[in-house]
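These are my notebook entries on a structure that I went through feature by feature. Each entry records what I looked up and what I found.

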Amino acid sequence: MTQDAHRHDHHGPVQLKDGVVPYLMRWITTTNHKDLGTLYLLFSVFMFMVGGLMSLVIRAELWGPGLQYVNPEFFNQMTTLHALVMIFGGVMPAFVGLANWMVPMMIGCSDLALPRVNNWGFWILPFAFTLLLSTLFLPGGGPAGGWTMYPPLVLQTGNAFPFLIFAVHLMGISSITGAINVAVTILNMRAPGMTLLKMPLFAWTWLVTAYLLIATMPVLAGAVTMLLTDKYFGTRFFSAAGGGDPVLFQHVFWFFGHPEVYILILPAFGVVSTILPTFARKPLFGYDSMVYAVASIAFLSFIVWAHHMFTVGMPLAGELFFMFATMLIAVPTGVKVFNWVATLWRGSLTFETPMLFALAFVFLFTIGGFSGLMLAIAPADFQYHDTYFVVAHFHYVLVPGAVFAIIAAVYYWIPKWTGVRYNETLGQLHFWLSAVFINLTFFPQHFAGLAGMQRRVPDYAIAFTDFNVWSSVGAFGFFVAQFLMLYNFARCVWFRQGRPRVPARVWEGAHGLEWTVPSPPPYHTFEIPPRVPETEVTATHDDVDPLTHVKQHA
Amino acid sequence: MFGFGFALVPLYDVLCNWTGFNGRSSGMSVAADVAEQPDNTRTVTVEFLTTVNGGQPWAFAPDVQRLEVHPGKLYTVNFTAQNPHDAAAMAQAVPSIAPWNAARYLKKTECFCFRQQVFAALEEKHMPVRFMLERELPAEVDTVTLSYTFFDVTQLALR
């Protein structure tokens, strides 16, 4: 036992040169937050590629009116699976991966509170997505009723139905374990002296996200369980003929679904609030108001769900309540955008790749926010509902929003993780290609939607051809541009021999505990917690003794 | 929260039945409790809408499309349905009322939607609905739509 502990502490983890089987077993059995963070991020890259290929099938089919390459049934399988893969396989694991890597290093603890649960939470995911994606090879194909799984349509799914339900259950279990882990870690394992309001904002946004996950994922599990028993065990929760109500499903689903969209975006807010001050060389403007804004958004997210279903025939009072409650979210969100802009004001800005992505986030996410306000207007929503305007709206908040924040975060921290710099020229080229192509993809969809083009239909009126050609060109361009990023990151991870190493504080304007440990950080960091002085300014943590880590092993 | 998901089911039923949201009131009343007090000064149009669910070939229609009624007075309208199958079948009609704020003022002493209807092979049935709009019906309501969706529940009943 002593020998084992000795080996781990001083020689790091098992490497490939120690043998293939021990190396594989290291990754399968690892409980180290950095290893699991890496696994989560690699898994999410793979899922982004899978989901991206599905979106290319959609865009290829929509390149022209009429039916070209796939039949409508397969088209609908692609829209359904694209959404599930991107949400549960791409964005959520990416943020859990970032939390795994960064939260312990930001709050000064050695690992997450529940390392074995952490391992379990990750390894559920490959099984969940094997279940989900294997449906493509079943007779009858995958689920095609839309990711929202509305009955009675979803109950007509064939053999894929139980696979869909159990895959969603597994994804939910994985998210809940991750969320519990992050919440427990943040609440119990902060370094001495780090009060809640001295935490980096990324830790704050993740704490709130964790609560949203714990509160809503079980509701989704309940809803899909009701679908399962409706189909196979004779219950009639959603069957009108049996005394149930299909609209009830929409209420239960969106009670989960609306907090879910904030689960996808709050950690992105945290990332951007970390990156902007670094490259503006100023502390974040209005730290406390940022924290309260995040908490307010999280609270409001629970009372606005029915704005997804304005057209089901709600009473006027309901329409008005959900309309005004939804518009209210613009207030805390406006506070955040104001604070980001105020952080930039008179800063000494430089435009490295992470900064470019973060700036694009602020601008493009706000566009998505504005189209969200338009959709919140109940009478107008009757025209927008289920059109490409909705598609344009949520892709603006999710791709140049959440995904750009994830990309920015990886560019920002990958020198810390690997000890070498990415190629800045390639990074900037990747940014400009991504920014141009993503707008080319989704901006025309606003107009197509306002003109009446429907979602989830493989064909459209000839009048929409130009908008769709632009969209498809943009989508293919965006997909190809991502290979620049993959090459750039792969260079940092696997081909770093003989390249200059970066210092502990990679970016001169960066603040926080993670920049006090060497780059790359040793396998175990902060086994003796650093002490955050009481006199210290909120969330900078520059006065912490940077040698804490070295001393403990001396 | 998993339990909360399931708790939403009865909560939703209670809320809908209490307020009439979602047009959910069945209006089921005992005949003895319904006292006629016609308000001959006011006329409301009642429209009847029928839908057969899931592309089934059932014939299902009201004998009149619309009726001018006085609140506080009982009326009877017949609906006709025919089983298209060469075998016995069971059907259930699910009612809905629009606008939602009229739902709680509709009283029905008789409706084919109160229970499942058994049809012999190819049988045609005339089924009455006996209803009254209460005098307290909000003043802004001048049209009430009674919608019935017809479900063939033979398979469900066999399970």
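This is a predicted model: local features need pLDDT of at least 70, side-chain atom pairs count only at pLDDT 80 or more; totals for chains, interfaces and linings use all residues.

**Entry 1. Strand pairing in chain B.** I began with strand β4 of chain B, residues 74-82. To which strand is β4(B) joined by nine bridges? The partner is strand β8 of chain B, residues 124-133, and the two run antiparallel. Within this pairing I looked up A81(B), whose bridge partner in β8(B) is K125(B). I then turned to strand β2 of chain B, residues 59-62, which is joined to β4 by four bridges, again in antiparallel fashion. Here A61(B) has T80(B) of β4(B) as its bridge partner.

**Entry 2. Confidence.** I noted the scores of the model as ipTM 0.73 and pTM 0.88. For chain B the average pLDDT is 85, and 92% of its residues score at least 70.

**Entry 3. Cysteines.** How many disulfides does a search of the whole structure find? I recorded one over all chains. The disulfide links C111(B) with C113(B), with an S to S distance of 2.4 Å. I checked the torsion about the S-S bond of C111(B) and C113(B); it is about 125°, so the disulfide is right-handed. Are the two cysteines buried or exposed? C111(B) has 3% relative accessibility and is therefore counted as buried. C113(B), at 8%, is likewise counted as buried.

**Entry 4. Salt bridges.** My search of the whole structure gave four salt bridges over all chains. I recalled that side chains of opposite charge can pair when their charged atoms come close.

I first took D35(A) and R26(A), which form a salt bridge with their closest N and O atoms 2.7 Å apart. D35(A) is buried, at a relative accessible area of 4%. R26(A) has 12% relative accessibility and also counts as buried, because the cut-off for that class is under 20%.

I next took R281(A) and E508(A), whose side chains meet in a salt bridge at 2.5 Å, N to O. R281(A) sits in the loop between α8 (246-280) and α9 (287-300) of chain A, while E508(A) sits in the loop between α16 (465-494) and α17 (548-553), so the pair ties together parts that are 227 residues apart in sequence. R281(A) is partly exposed at 28% relative accessibility, whereas E508(A) is exposed, with a relative accessible area of 60%.

I then took E47(B) and R66(B), which meet in a salt bridge at 3.1 Å, N to O. This pair links distant parts of the chain, with E47(B) in strand β1 (residues 44-52) and R66(B) in strand β3 (residues 66-69) of chain B, 19 residues apart. E47(B) is partly exposed, at 23% relative accessibility.

**Entry 5. Backbone exceptions.** I looked for departures from the rule that most residues other than glycine have a negative phi, and most peptide bonds are trans. The peptide bond from S519(A) to P520(A) is cis, with omega near -10°, and P520(A) lies in the loop between α16 and α17 of chain A. The loop between α16 and α17 of chain A also holds F526(A). F526(A) is not a glycine, yet its phi is positive, near 55°. I found F526(A) to be buried, with a relative accessible area of 4%.

M149(A) also has a positive phi, of about 55°, and is not a glycine. I placed M149(A) in the loop between α5 (115-134) and α6 (160-188) of chain A. M149(A) counts as buried at 2% relative accessibility.

In chain B, the peptide bond from A98(B) to P99(B) is cis, with omega near -5°. P99(B) belongs to the loop between β5 (89-98) and β6 (106-110) of chain B.

**Entry 6. Surface patch.** Which residues form a nonpolar patch on the surface? I listed L16(A), V20(A), V21(A), L24(A), M25(A) and I28(A), which together have about 570 Å² of accessible area. I followed up L24(A), which is found in helix α2 of chain A, residues 20-29. At 49% relative accessibility, L24(A) is classed as partly exposed.

Key
Residues are numbered from 1 along each chain as its sequence is written. Chains are lettered from A and ligands numbered from 1 in the order in which they are written. Side-chain values use heavy atoms; hydrogens and water are left out. Patches are made of residues with over 30% relative accessible area and no salt bridge: like charges are joined within 9 Å, nonpolar side chains (Val, Leu, Ile, Met, Phe, Trp, Tyr) within 5 Å. Accessible areas come from the Shrake-Rupley method with a 1.4 Å probe; for residues, only the protein chains shown count as cover. Buried means under 20% relative accessible area, exposed over 50%, partly exposed in between (1.4 Å probe, protein chains only). pLDDT is the predictor's confidence in each residue, from 0 to 100. Two strands pair if DSSP finds at least two bridges between them. A disulfide is a pair of cysteine sulfur atoms within 2.5 Å.
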